[in-house]
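Subject: Structure handover

Hello,

Here is the structure, with my notes below it. Please read them with the model open.

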Amino acid sequence: MADLHVHPDRLEIHLTRAEKVLSLKREDLVIPRESIRSVAITEDPWIWIRGIRAPGAAVPLTLSVGTWKFHGGKDFLLIKGKQRAAVVVDLDGEEYSRVIVSTPHAAKLVEALRVDVSEIPADGEIIE
């Protein structure tokens, strides 16, 4: 499971080695906070998938990891399991238009992203 770190100026998604291999991505995701347009929690992340996998790995309704391309751009998915909540992050001006990450700590992540940046420690807040 990826580690999520909320900093005053960015959201970092640290991928595990397996997630990097499955998504064919070498680097972790770093999302500037000013690029985040909206954040939502969903109990069914599968309905948010748009486009086709390219590159990445997928097992229907079980695992989706990697880049999904659609007519308007690209999304990054990190969805695992059928019964796990996920966070949908819509972005402006970044490589990806949307990032969807399944996590048992979805509410805590959304709350951390809504907090005033002056309340977040300089070394960030880890969402486990």
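Six bridges join strand E4 to strand E8 (residues 86-91), and the two run antiparallel. Within that pairing, Leu91 of E8 is the bridge partner of Ile36. Helix H2 (residues 106-114) packs on the sheet and touches both E4 and E8. The direction of H2 makes about 155 degrees with that of E4.

A word on the basis. This is a predicted model, so local features need pLDDT of at least 70 and side-chain atom pairs count only at pLDDT 80 or more, while totals for chains, interfaces and linings use all residues. Residues are numbered from 1 along each chain as its sequence is written, and side-chain values use heavy atoms, with hydrogens and water left out.

Terms:
- Helices (H or I, at least four residues) and strands (E, at least two) are DSSP runs, numbered from the N terminus.
- Two strands pair if DSSP finds at least two bridges between them.
- Contact means heavy atoms within 4.5 Å.
- Axes are lines fitted to C-alpha atoms, for helices over the stretch in contact; angles run from 0 to 180 degrees between N-to-C directions.
- Buried means under 20% relative accessible area, exposed over 50%, partly exposed in between (1.4 Å probe, protein chains only).

The sheet: six strands form an open sheet with mixed pairing, in the order E4-E8-E9-E7-E6-E5. E4 (36-42) and E5 (52-59) stand at the edges; each has a single partner strand, so one side of each lacks a neighbour in the sheet. Neighbouring strands here are turned by 15 degrees against each other on average, direction ignored.

Ser102 lies in strand E9 (residues 98-102). Why does Ser102 count as buried? Because its relative accessibility is 1%. Beyond residues up to four places away in sequence, Ser102 touches several others, including Met1, Leu78, Lys80 and Arg84. The C-alpha atoms of Ser102 and Leu78 are separated by 6.3 Å, though the two are 24 residues apart along the chain. A polar atom of the Ser102 side chain lies 2.9 Å from the backbone nitrogen of Lys80.

Elsewhere, four bridges join E2 (residues 10-14) to E3, and these strands run antiparallel. Arg10 has Pro32 of E3 as its bridge partner. Strand E3 (residues 29-32) has Leu29 and Ile31 on a covered face, and Val30 and Pro32 on an uncovered one.

Overall, the protein chain has two helices and 10 strands. Of its 128 residues, 44% are buried.

Best wishes

Notes
A polar contact is a pair of N or O atoms within 3.5 Å; within protein, one must be able to donate a hydrogen and the other to accept it, and residues adjacent in sequence count only if both atoms are side-chain atoms.
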